[in-house]
Amino acid sequence: MLRYLYADELHKFPDLVDGMFRDRADQFKTRLGWDVHVNEKGEERDQYDDLNPLYVIWEEADGSHGGSMRVLPTTGPVMVNDIFGHLTGGDPICSPLIWEVTRFCLSRTASPHTAGAIMLSGGEMMEGFGLTHIAGVFDARMIRIYRLIGSSPVVLGSEGKGREQISVGLWPYSAEDCNRVAERAGIPRELSRLWFKTAFSIGRQPRFALSA
């Protein structure tokens, strides 16, 4: 199932969260060779994890981490502006209706539908919160994955060549894309909506401002 958890709620699921940060280290440092910091616990964390982001986490049937991503509003510090702003011509992406997704991570033992389920959560957030776009930074290998999942971004700018290429893109809201991603992931939209609505039921509203 999909869980939507803010950073200050992660303590409620210690094993799930431990798996997430360790899998991030395994994916970004070990497998991809990115220049990221891994702490003494074997976890990959950065300064954006200190901003109380929203995490979308796929929890496997045994309670382990299958995959996840991190979400922050572009009205505050985000990677697309702070680190990769030059790829958009120096014009920052800044809107309460555009949220950034980073650290899209999959466990080595993730279920086949995990990537699609996590992508589907982006559509649920756009639909549920009235967002216009999701912004993100991605490498060349992800282009094929996004295409297979059924939701490809509009590329705003890129640098590098071949497998080393890094891009910034925007995913516009599309009900058609949401339904296609759900179908390919093998997850009924009704179930995906239920996970989202349960997470943000009365008394637990989104903490990111949705107005200018």
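How many aromatic pairs does the count come to? The answer is 12 aromatic pairs. The model is predicted.

## Aromatic pairs

Tyr-4 and Phe-196 make one of these pairs. Their ring centres are 5.5 Å apart and their planes stand at 85°, so the pair is edge-to-face. Planes over 60 degrees apart count that way. Tyr-4 lies in strand β1, and Phe-196 lies in helix α6 (residues 189-199), so the pair ties together parts that are 192 residues apart in sequence. Tyr-4 counts as buried, at 2% relative accessibility. Phe-196 counts as buried too, at 8%.

Tyr-146 and Trp-171 form an edge-to-face pair as well, with 5.1 Å from centre to centre and 85° between the planes. Tyr-146 belongs to helix α4 and Trp-171 to strand β7 (residues 166-172), so this pair ties together parts 25 residues apart in sequence. Both Tyr-146 and Trp-171 are buried. There is also an aromatic cluster. Tyr-4, Trp-99, Phe-129, Phe-196 and Phe-200 form it.

Does the span of helix α1 agree or disagree with its residue count? Helix α1 covers residues 14-31, which is 18 residues. At 1.5 Å a residue the helix should span 26 Å. Its end C-alpha atoms are 24 Å apart, which agrees. Just after α1, Gly-33 takes a positive phi of about 70°.

An α-helix has 3.6 residues a turn, so residues three or four places apart point the same way.

## Where α4 meets α5

Helix α5 spans residues 175-185. The axes of α4 and α5 come within 8 Å and cross at roughly 90°. That makes α4 roughly perpendicular to α5. From α4, the residues in this contact are Arg-147, Leu-148 and Ile-149. From α5, they are Arg-180, Val-181 and Arg-184. The residues of the contact divide into 3 nonpolar, no polar and 3 charged.

Two residues call for a look at the backbone. Asn-52 is not a glycine, yet its phi is positive, at about 55°. Asn-52 sits in the loop between α1 and β2. With 22% relative accessibility, Asn-52 counts as partly exposed.

Arg-103 also has a positive phi, near 55°, and is a residue other than glycine. Arg-103 lies in strand β4. Is Arg-103 buried or exposed? Arg-103 is buried, with a relative accessible area of 10%.

Ser-192 is placed in helix α6. Its relative accessible area is 1%, so Ser-192 is buried. Not counting residues up to four places away in sequence, Ser-192 touches Leu-120, Glu-124 and Ile-187. Arg-24 is 168 residues from Ser-192 along the chain, and their C-alpha atoms are separated by 24 Å.

Gly-85 lies in the loop between α2 (79-82) and β4. Gly-85 is buried, with a relative accessible area of 13%. Leaving aside neighbours within four places in sequence, Gly-85 is in contact with Val-80 and Gly-90. Gly-157 is 72 residues away along the chain, and the C-alpha atoms of Gly-85 and Gly-157 are separated by 9.5 Å. Val-155 has its place in strand β6 (residues 154-159). Val-155 is partly exposed, with a relative accessible area of 43%. Its contacts, not counting residues up to four places away in sequence, are Phe-138, Ser-167, Val-168 and Gly-169. Val-155 and Gly-169 are 14 residues apart in sequence and 4.2 Å apart in space, C-alpha to C-alpha.

Definitions and conventions: Residues numbered from 1 in each chain as written. Predicted model: local features only at pLDDT ≥ 70, side-chain atom pairs only at ≥ 80, totals over all residues. Heavy atoms only, no water. Helix = DSSP H or I, 4+ residues; strand = E, 2+ residues; numbered from the N terminus. Expected span 1.5 Å × (residues − 1). Axes fitted to C-alpha atoms, helices over the stretch in contact; angles between N-to-C directions. Parallel < 35°, antiparallel > 145°, perpendicular 65-115°, else oblique. Contact = heavy atoms within 4.5 Å. Nonpolar A, V, L, I, M, F, W, Y, C, P; charged D, E, K, R; others polar. Phe/Tyr/Trp six-rings, centres within 6.5 Å; stacked < 30°, edge-to-face > 60°. Buried < 20%, exposed > 50% of the residue type's maximum accessible area, 1.4 Å probe, protein only.
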